[in-house]
Amino acid sequence: MASFKKYVSEFIGTLVLVLFACGTAAVLGCDGSTPDAAYFMTALAFGLVIVAMAYSIGNVSGCHINPAVSVAMLISGRMNVKDFIGYIIAQFAGAIAGAAILMGILGSNESLGQNALYNDSIVSSLIIEIILTFVFVLAILGVTAKIENSSVAGLVIGLTLTLVHLFGIHFTGTSVNPARSLGPALFAGGDALANVWVFIVAPVIGGILAALVYMLIAGRKKRRSIIYKTTEK
């Protein structure tokens, strides 16, 4: 039952991320070409969703709501394989459900906050997303390493996600989250679906690199925190 509750929490959290954050981009018409109000509000929306979810479901599942985060937690020894699989399934299911709801509300699949290649370059997009995800996940691993940081971890993580979006929206729309990318792409179709593998592979690589680097500079220590807590029994 405890595991089921964690999976449901991850499903809900990822659903909310896609519905509200990708929905903000869609409603405001953020295309990343101009640093206008829509650009900044979209970046802020992604960060605020993380803050809201961290302090609502964080004490249940740790609020990963991102496969790149979960893979980093697995590698760094903060969760077990069983929960990792359950989290991944729940996250992708939540993202798909969130995108479906968003499409139903908008009445169109034209703009669902889907990602796009930068200058039609797969290589450039992979590099950008790996870097963005590396920075985001490294911040998560660092701030959640000590339980003393639990009261501010949600804010730090949310602000870091806002930061990477402020930089990355112009290039790829910013993924740093395979589930967040797959959900909208499935319904948008076209180039978004054809290229979605880039936004699945790159964040996973970025998450793995962040875990390996953090273990190198901080050591492999299993510690517990309230936000993004470990899931080992």
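Axes here are lines fitted to C-alpha atoms, for helices over the stretch in contact, and angles run from 0 to 180 degrees between N-to-C directions. Helices themselves are DSSP runs (H or I, at least four residues), numbered from the N terminus. The model is predicted, with local features needing pLDDT of at least 70 and side-chain atom pairs counting only at pLDDT 80 or more, while totals for chains, interfaces and linings use all residues. Residues are numbered from 1 along each chain as its sequence is written, and side-chain values use heavy atoms, leaving out hydrogens and water.

The axes of α5 and α8 come within 8 Å and cross at roughly 40°. That makes α5 oblique to α8, given that angles under 35 degrees count as roughly parallel, over 145 as roughly antiparallel, 65 to 115 as roughly perpendicular and the rest as oblique. The crossing is right-handed, a term used if the near helix is turned clockwise from the far one by less than a right angle. Contact means heavy atoms within 4.5 Å, and the α5 residues that meet α8 include Phe-92, Ala-95 and Ile-96. The residues of this contact divide into 12 nonpolar, 2 polar and 1 charged; Ala, Val, Leu, Ile, Met, Phe, Trp, Tyr, Cys and Pro count as nonpolar, Asp, Glu, Lys and Arg as charged, and the others, Gly among them, as polar.

Arg-180 is 85 residues away from Ala-95 along the chain, yet their C-alpha atoms are separated by 5.7 Å.

Helix α8 spans residues 178-188 and is mostly covered, with 9 of its 11 residues buried. Its buried residues pack against several helices, including α1, α2 and α10. Asn-177 caps the N-terminal end, where a side-chain oxygen lies 3.0 Å from the backbone nitrogen of Ala-179. After α8 comes Gly-189, with a positive phi near 65°.

Helix α4 is largely enclosed by the rest of the structure, because 7 of its 9 residues are buried. The cover over these buried residues includes α5, α6, α8 and α10. At the start of α4, a side-chain oxygen of Asn-66 reaches to within 2.8 Å of the backbone nitrogen of Ala-68. Gly-77, which follows α4, has a positive phi near 80°.

Definitions and conventions: Buried < 20%, exposed > 50% of the residue type's maximum accessible area, 1.4 Å probe, protein only. Helix = DSSP H or I, 4+ residues; strand = E, 2+ residues; numbered from the N terminus. Polar contact = N/O pair within 3.5 Å; in protein donor to acceptor, adjacent residues only side chain to side chain.
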